[in-house]
Amino acid sequence: MSKKTTLILELKKIQRVINSTRVLDIRHLKFHKGTIYGIVGPVGSGKSSLLNILSGASKPSSGSILYDYEPFKKSFFGNSLIPAEVTHTSNLKINNTSVKSLFKKSNATQVLSNYFSNLSTDNLVNTNVTNLSKGERSAVELSLGIETDPRVLIVDDYAIYFDNKMENGYSINIVIPFRE
């Protein structure tokens, strides 16, 4: 990186072992404010495992993850407490409710229209999340993640369920600067 930026997340000697198979082996990895990172690799290479570790949703088998130079705080039972300013769209709890009720601070139709120009939002906002297609659910999760204004936004399998219409109608690039 050419300019000095604030370090937000740091992984040191991270390993993740599942069923005696090492799926992750990272010596040192840093994530800085104002930078967007893409994680690319074949199916089963550990991308989702890495994102779950970054978000605090799962623990590495060994090594440490630091958020603002400190380990994640732990619950009484030793589980990581995910900082409120870290949002992982796959971990949003959005089941069994209408799309409209998810957007508590803003107009769901307007928000979804801002991000997806080809998405039919009129019917979508009154639909229960359990009745959405995978593409619609993915669009709602992504929009909701952006609207939470997180310091760190983690998106797994970005646009994997978008059809051509949704992909071509996407009206903005996801550029979310990390904030202090």
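Mentor: We will take the strands, then the helices, then the cores.

Trainee: What kind of model is this?
Mentor: This is a predicted model.

Trainee: OK, strands. In which sense do β1 and β2 pair?
Mentor: Strand β1, residues 7-18, pairs with strand β2, residues 21-32, in the antiparallel sense. There are 10 bridges between β1 and β2.

Trainee: How many residues sit between them?
Mentor: The hairpin formed by β1 and β2 has 2 residues between the strands. In that turn, Asn-19 has a positive phi of about 50 degrees.

Trainee: Which other strand pairs with β1?
Mentor: Strand β3, residues 62-67, pairs with β1 in the antiparallel sense over 5 bridges. Gln-15 shows both pairings: its bridge partner in β2 is Asp-25, and its bridge partner in β3 is Ser-62.

Trainee: Switching to helices. Which residues of α3 are buried?
Mentor: In helix α3, residues 108-115, the buried ones are Ala-108, Val-111, Leu-112 and Tyr-115. They lie on the same side of α3, because the arc they cover around the axis is only 90 degrees.

Trainee: Why would residues spaced like that point the same way?
Mentor: An α-helix has 3.6 residues a turn, so residues three or four places apart point the same way.

Trainee: And what covers that side?
Mentor: The cover over the buried residues of α3 includes α2, α4 and α5.

Trainee: Which residue caps the N-terminal end of α3?
Mentor: Asn-107 does, with a side-chain oxygen 2.9 Å from the backbone nitrogen of Thr-109.

Trainee: Why does Val-111 count as buried?
Mentor: Its relative accessible area is 5%, and the cut-off for buried is under 20%. Leaving out residues up to four places away in sequence, Val-111 touches Phe-103, Ser-106, Ser-143 and Glu-147.

Trainee: How far is Val-111 from Val-140?
Mentor: Val-111 and Val-140 are 29 residues apart in sequence, and their C-alpha atoms are 9.5 Å apart in space.

Trainee: Now α5. Does its length agree with what you'd expect, or disagree?
Mentor: It agrees: at 1.5 Å a residue, the 14 residues of α5 should span 20 Å, and the end C-alpha atoms are 20 Å apart.

Trainee: How many of its residues are buried?
Mentor: 10 of the 14 residues in α5 are buried, so the helix is mostly covered. Among them are Gly-135, Glu-141, Leu-142 and Ile-146.

Trainee: What about Asp-149, after α5?
Mentor: Asp-149 has a positive phi, near 50 degrees.

Trainee: Is Thr-87 buried or exposed?
Mentor: Thr-87, in strand β5, counts as buried at 7% relative accessibility. Its side chain makes a polar contact of 3.4 Å with the side chain of Thr-148. Residues that Thr-87 touches, beyond those up to four places away in sequence, include Leu-92, Gly-145 and Pro-150.

Trainee: Last topic, cores. Which residues touch the most other members of the largest nonpolar one?
Mentor: That core has 22 residues, and Val-99, Leu-102, Phe-103, Leu-112 and Val-140 touch the most other members. At least two residues of this core come from each of α2, α3 and α5. The helix that gives the most is α5, with 5 residues.

Trainee: What does Leu-102 touch?
Mentor: Setting aside neighbours within four places in sequence, Leu-102 is in contact with Ile-94, Thr-97, Val-129, Val-140 and Leu-144.

Trainee: Which residues are in the other core?
Mentor: The other core lies apart from the largest one and has 17 residues, among them Leu-24, Leu-50, Val-86 and Val-152.

Notes. Residues numbered from 1 in each chain as written. Predicted model: local features only at pLDDT ≥ 70, side-chain atom pairs only at ≥ 80, totals over all residues. Heavy atoms only, no water. Helix = DSSP H or I, 4+ residues; strand = E, 2+ residues; numbered from the N terminus. Expected span 1.5 Å × (residues − 1). Buried < 20%, exposed > 50% of the residue type's maximum accessible area, 1.4 Å probe, protein only. Pairing = 2+ DSSP bridges. Arc of directions from axis to C-beta. Contact = heavy atoms within 4.5 Å. Polar contact = N/O pair within 3.5 Å; in protein donor to acceptor, adjacent residues only side chain to side chain. Core = buried A, V, L, I, M, F, W, Y, C linked by side-chain atoms within 4.5 Å.
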